[in-house]
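Please look over the sequence and the model first.

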Amino acid sequence: MSSLFTPLPTPATVPGWLTIRLERAALRLTDVGAPTTAREDWRYTRLGSRAPLSARPLPTARLATPSARIELTDGQWDTERSCVPAALVVTTLADAVARELPGITMLGGIADADEPSLLSSLSAFAGGLYVHIPAGRPEGGAVPLIELVVSATRAGSLHQRVLFVVDAGAQVCIVERHQGHPGAERLAVTEVAVGAGATVDHVRLGLSGWTGAETTAAAGLDLGTVAATIAAGGRFHSHIVSLGVGTTRTAVHATLHGAGAHAALRALSATPAGCSHDYYSVIDHAVPGATSAQTTKGLIADGGVASVVARVLIGRGAVGSSTTQSLKALLLGASAKANLKPQLEIDNDAVKAAHGAAVGRLDPLQLFFLQARGLDSATARALLIAGFVQEVADTIPNVALASEVVHYVLGGLGLPSGIGSDDLGSDDLGSDVEPS
Amino acid sequence: MNLLEIDDLHVTVGETPILVGLNLRIPAGEVHAVMGPNGAGKSTLSYAVAGREGYDVTKGDIRLGGESLLALGPDERARRGVFLAFQYPVEVPGVRSKPFLRAAVNAVRKARGQAELDPGAFLKFLRKTLESVRLDEALTNRDLNSGFSGGEKKRFDILQMALLEPRFCILDETDSGLDIDAMRVVADGVNAMRTPERSMLVITHYQRLLDYIVPDVVHVLKDGRIMRSGDKSLVAELEARGYEWVTSP
């Protein structure tokens, strides 16, 4: 684990602005060191020794055909397996820095935090990817869907860094799949620069330990960070889905930089026995008149632990801000554990804010109701659990992907999947079979 | 021939005995009404038959078609043909009504040895049944009972009853919260399901529901036992005199 937080030397050939950032990051990382539970923002993430875990079979179900598919395997861009249309600029961060591509100076500058993951990842930027999404829609008018598949084929430490630069007025849906070897220790940082009036849906599917190969290894780590800056009138919708085996921590830093900017952060986790899933979010209302909303839903199996710390920062000058928070966890066993911490830090009075947190178990009356209609216990539970996650899944703009997420969640918890899916379209009258 | 047979039923909830020696026989094809004061054990009776956890049968037996239900879970009882229309149908946010209905119908059909319905066949069946209870299909696109009015919930329960085609139906205070028009619609739906093979137990406080669903036999449940049974004229007597005078079986 320690190698994840050891800064690499600053390359000699980078421009001045990046040299300053890299050197500052290296100094700060030396100062703060690898994260421990002594840090408030890492208090629920235990990075110590972990029991061996087996890989989970990767489902074959996939979402609708993406506009672009980018594969990163073991930290390297796999150009052979990637498919990128001409309208999209995809290249290595090193190349983007050298060519001074649009928005590249956002690299390492989106979240100004002493966050060890962000600091460490920056020094390993060279192998990362730069993706530029231009304004306007392609022919046909559909919102482009960019799929980024980040795979690990072996145990050991991995750095991945991606910068998405989304032009003003553009619309895009980005799906990241982080999957592969259960013994991999990953530190993955995604930065998103949302241009003025742009709309970005970002879905991060945390599937660490899900792989096509049968493998058992000392459980790895999946430390993911998504940092977004949102310009005036921009909309950033984050969907963090944590289904990994082992220890995972996903952090989202969203900074609202312009009036009318909006951030909606949603998180969904299904935590199996022996695993821990942590979600940490910070929304910074840096200007007046921005809005935000956070919804988290966690399902925790017996012996699992899920933690959520959701912060909102509204400074003295950020008048007219509006924010809501709803954090919920469903305990599926006697020894399941949830930590939910809504945290509003508001320094002015002209703000609308609401928050709520609830930890509970499946409602026995709802279970009885479903069983009294003939559904067996496992199916009734699966239906209620699918219902619990549906609120978040429904916010994913791609219907096929939303169904896939519910399917993964139920499958990951060993429950029958597909039961709650709505395959009954109003005109679906394909059969003439009458009930007898 | 009796479809439902209840012998010397004792049920406790927590430590509290609620039913203390209840006996009931309902022949196939008959509708029986159970009336009684608050706290008499009417809902306990419905939950005990449907198999709700926490309603512990400490003595006696409940048989459907000669088979004891006591060792069966609520889902197994439902698949054998027991249907409980809830006094307060449960809201289940997030669970879409239509897939739920299809899953329930297919669970019951599978148990009966019938082919499961594919989406197309189910939709045809659903639409036909919706007409019979005068419900809009739009309701089935919403989450189960979520945001439904009181009347919609009750009619939705009757829709489920019609879809599942049970052998034995319990209507637990189905009239509560219904206006006269809604009660007529619900009663019409129930009456349409009366067949020589199907029996019903209608639990109610008031005469008005029984003006629409006319029972073959009326029972008075009081202090955990059936105290009196009679024909429909017993309802009028109860309306006139209350329950105080019913003091022993």
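B:Asp172 has B:Ile203 in β10(B) as its bridge partner. This is a predicted model, in which local features need pLDDT of at least 70, side-chain atom pairs count only at pLDDT 80 or more, and totals for chains, interfaces and linings use all residues. Residues are numbered from 1 along each chain as its sequence is written, chains are lettered from A and ligands numbered from 1 in the order in which they are written, and side-chain values use heavy atoms, with hydrogens and water left out.

The bridge belongs to a pair of parallel strands in chain B: β9 (residues 168-172) and β10 (residues 199-204) are joined by five bridges. Strands (E, at least two residues) and helices (H or I, at least four residues) are DSSP runs, numbered from the N terminus, and two strands pair if DSSP finds at least two bridges between them. Both strands lie in an open sheet of six strands with mixed pairing, ordered β6-β9-β10-β3-β11-β12. At its edges stand β6 (82-85) and β12 (225-230) of chain B, each with a single partner strand, so one side of each has no neighbour in the sheet. Neighbouring strands are turned by 20° against each other on average, direction ignored.

Chain A has an open sheet of nine strands, also of mixed pairing, in the order β5-β6-β8-β10-β14-β16-β18-β20-β22. Its edge strands are β5 (89-92) and β22 (337-346), each with a single partner strand, so one side of each is left without a neighbour in the sheet. From one strand to the next the twist averages 10°. Strand β20 (residues 305-314) of chain A pairs with β22(A) in the parallel sense over ten bridges. In this pairing, A:Val309 has A:Lys341 of β22(A) as its bridge partner.

Now the helices. Two packed helices are described by the angle between their axes and the distance between the axes. The axes of α1 (residues 16-32) and α3 (residues 116-123) of chain A come within 9 Å and cross at roughly 135°. Axes are lines fitted to C-alpha atoms, for helices over the stretch in contact, and angles run from 0 to 180 degrees between N-to-C directions.

Last comes confidence. The mean pLDDT of chain A (the predictor's confidence in each residue, from 0 to 100) is 87, and 92% of its residues reach 70 or more.
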